[in-house]
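Subject: Structure handover

Dear colleague,

Please find the structure below, sequence included. My notes on it follow.

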Amino acid sequence: MGSQTYTQAELLTILTTPVGSASKADASLILADQLIAAKLNIANGSDPTPVASSIADADALLSTFAGKLPYKVSVTSAAGKAMIIDAGVLDSYNSGALTRSCVR
């Protein structure tokens, strides 16, 4: 994800880390949760076409930060807002709204 490689254990830690709430939420974790799910759905045979550009954008956004997640990005910052937009598209995909073969 982004420019980093994560182990299975690291990904599971990311998925179980609370993202926070309201203005104190971490946009990088919100995005990472959806990005992990989308990449797993694609690996499981789901059509990536509806989210290919969102995945590329999400990886590019995460690549702007040094080290590994979490990055503690405010949801109200410019980067945070962009992450939330991508996370929303990926959530729709992961929920099956953008392709019939995608199941979380």
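I start with Asn41, which counts as buried because its relative accessibility is 6% (buried means under 20% relative accessible area, exposed over 50%, and partly exposed in between, with a 1.4 Å probe and protein chains only). Before the rest, some notes on the source: this is a predicted model, in which local features need pLDDT of at least 70, side-chain atom pairs count only at pLDDT 80 or more, and totals for chains, interfaces and linings use all residues. Residues are numbered from 1 along each chain as its sequence is written, and side-chain values use heavy atoms, with hydrogens and water left out.

Asn41 belongs to helix α2 (helices are DSSP runs of H or I with at least four residues, strands are runs of E with at least two, and both are numbered from the N terminus). Its side chain makes a polar contact of 3.0 Å with the side chain of Asn94. A polar contact here is a pair of N or O atoms within 3.5 Å; within protein, one must be able to donate a hydrogen and the other to accept it, and residues adjacent in sequence count only if both atoms are side-chain atoms.

Next, the backbone. Most residues other than glycine have a negative phi, and most peptide bonds are trans. The bond between Leu69 and Pro70 is cis, with omega about 0°. Pro70 sits in the loop between α3 (52-63) and α4 (78-94). Lys72 is in the loop between α3 and α4, and its phi is positive, near 55°. With a relative accessible area of 71%, Lys72 is exposed. Ala22 also has a positive phi, near 50°. Ala22 is found in the loop between α1 (8-16) and α2 (27-43), and it counts as exposed at 67% relative accessibility.

Last, the rings. How many aromatic pairs does the structure hold? There is one: the rings of Phe65 and Tyr71 have centres 4.9 Å apart and planes at 15°, so they are stacked. For this, rings of Phe, Tyr and Trp (its six-membered ring) pair if their centres lie within 6.5 Å; planes under 30 degrees apart count as stacked, over 60 as edge-to-face and the rest as tilted. Tyr71 is buried at 13% relative accessibility, whereas Phe65 is partly exposed at 24%.

A further ring, that of Tyr6, has Lys68 over its face, at 5.1 Å from the ring centre. A charge sits over a ring if NZ of Lys or CZ of Arg is within 6 Å of the ring centre and within 35 degrees of the ring normal.

Regards
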